[in-house]
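I opened my notebook to get to know a new structure. Here is what I looked up, one entry at a time.

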Amino acid sequence: MPCWYYDKKDLRETPSILDGISFETERRYRKEGARFIMECGTKMGLGHNTMATGVVYFHRFYMCHSFRSFPRYVTACCCLFFAGKVEETPKKCRDIIKTARGILSDNYFYSFGEDPKEEVMTLERILLQTIKFDLQVEHPYTFLLKYAKCFKGDQQKLQKMVQMAWNFVNDSLSTVVCLQWEPEIIAVALIHLASKLSKFTVQDWEGRQPQHQRWWDMFVSDVTMEILEDICHQVLDLYQSTQKEALQPNSPPQKPPSRADSPTPAKAPNPSVLLPPAAQQLPPPPPINNNGNLGDPSKIQPIKSLSSAVPSMGPVDSLPMPPGSAPPAGPPAGYHMYHAPPPPPPPIVPMPYPGPGWGVQPAPGSQYPANVAQPPPMPPNMAPGPGGSYFNAGRPPQQRYQ
């Protein structure tokens, strides 16, 4: 199975960052997509494992693809739809889209295109290929409850500490710690953080051995305090960035592929004010889409076209000729490019001259003897059967008139 754990260097060289998106913008897109999955799943009554699985799929998907190529909210709906199947809590695609329509504004929902269901269903196949059919995902929730059952002390304070650690696990999904460490280590780090903030120190636990200096030595090995503090700082930085973003405007709506960020592009400043007089006389450049190609930004390229895009060449006649070469001669007369020329017609063979007896045929003889009475005339559209009788003469009366 593929390894889904990356170093910090790899997290700074993701396809989105290589595509021109800044590191801070990419982290904000990841956080917005993860929170959208949690909000959408909560409104639909899905469990925490299903929502967490969808978020992990979301983070893994964008380790292989760019946010410029795949809109984050369409991907989030696809991940939640697919996670419901994996966790055996399926929801219909139209119900997920309907819930997303109630959460997102018009500008953000515009990234779903004209047929949102087709976009999500097409992206599901791309998601399955991207995660390499690695469907089973473990989460820190299971290990959090497992470790907490071994602690001894005041049950009320313990319950408060576990609830705080559970909330930290929920918030950690908006970060990329699931791409760096195993769920067991994440659960240990967030329990350690919750115990510090709730002022509950784990002094004794079940199954304690003399060689265990700390409580997590019984569950995980070779985990240093630097690793736990790094995970705790990433979660705490999430709350600080949330306070800063509250004072800033919302991030631009995610575009469909090869389209501007918003369906109604903002008004550009007057170039005559910004440019010198010599540059004001130049014609404006043609529009450039997000892929760096010249084109019309009003044309939408759906996700379906990305999954089946195959480079094609023009006709042979449209290709440029090499310099100094003459065009080929035309085909000979009667030549067809798909079929061979037709064969010549067969020779006409003269027939013998018909004699006078050819046009006269003898009358057929009668099949009845001269001394036997002729049968009555047959009704129209009836043919005689074997022995001169009608076809339905031997049938029962109820079948004759069917």
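**Contacts and overall make-up**

I began with contacts, meaning heavy atoms within 4.5 Å. Among contacts in the chain with a separation of 6 or more, 76% are between residues 24 or more positions apart. I noted that this is a predicted model, where local features need pLDDT of at least 70 and side-chain atom pairs count only at pLDDT 80 or more, while totals for chains, interfaces and linings use all residues. Residues are numbered from 1 along each chain as its sequence is written, and side-chain values use heavy atoms, with hydrogens and water left out.

Next I looked up the secondary structure: the chain has 16 helices and zero strands. Both are DSSP runs numbered from the N terminus, with helices being H or I of at least four residues and strands E of at least two.

I also checked burial (buried is under 20% relative accessible area, exposed over 50%, partly exposed in between, with a 1.4 Å probe and protein chains only). Of the 402 residues, 36% count as buried.

**The core**

What is a nonpolar core? I wrote down that it is a set of buried Ala, Val, Leu, Ile, Met, Phe, Trp, Tyr and Cys residues joined through side-chain atoms within 4.5 Å. The largest one here has 87 residues, and Tyr57, Tyr147, Phe151 and Trp215 touch the most other members. Helix α5 (residues 72-86) gives this core its largest share, eleven residues. At least three core residues come from each of domain 1 (10-131) and domain 2 (140-246), with bounds from an automatic or database domain assignment.

I then followed Tyr57. Beyond its neighbours within four places in sequence, Tyr57 is in contact with residues including Cys79, Phe82, Leu127 and Val137.

**Rings**

How many aromatic pairs does the structure hold? I found 18 aromatic pairs. Rings of Phe, Tyr and Trp (its six-membered ring) pair if their centres lie within 6.5 Å; planes under 30 degrees apart are stacked, over 60 edge-to-face, and the rest tilted.

Phe61 and Phe70 are edge-to-face, at 5.3 Å centre to centre with 80° between the planes, and both are buried. Tyr62 and Phe67 are stacked because their ring centres are 3.8 Å apart and their planes are at 10°. Tyr62 and Phe67 are buried too.

My last entry is about Arg72, which lies over the face of Tyr29 at 4.1 Å from the ring centre.

Key:
Lys NZ or Arg CZ within 6 Å of the ring centre and 35° of its normal.
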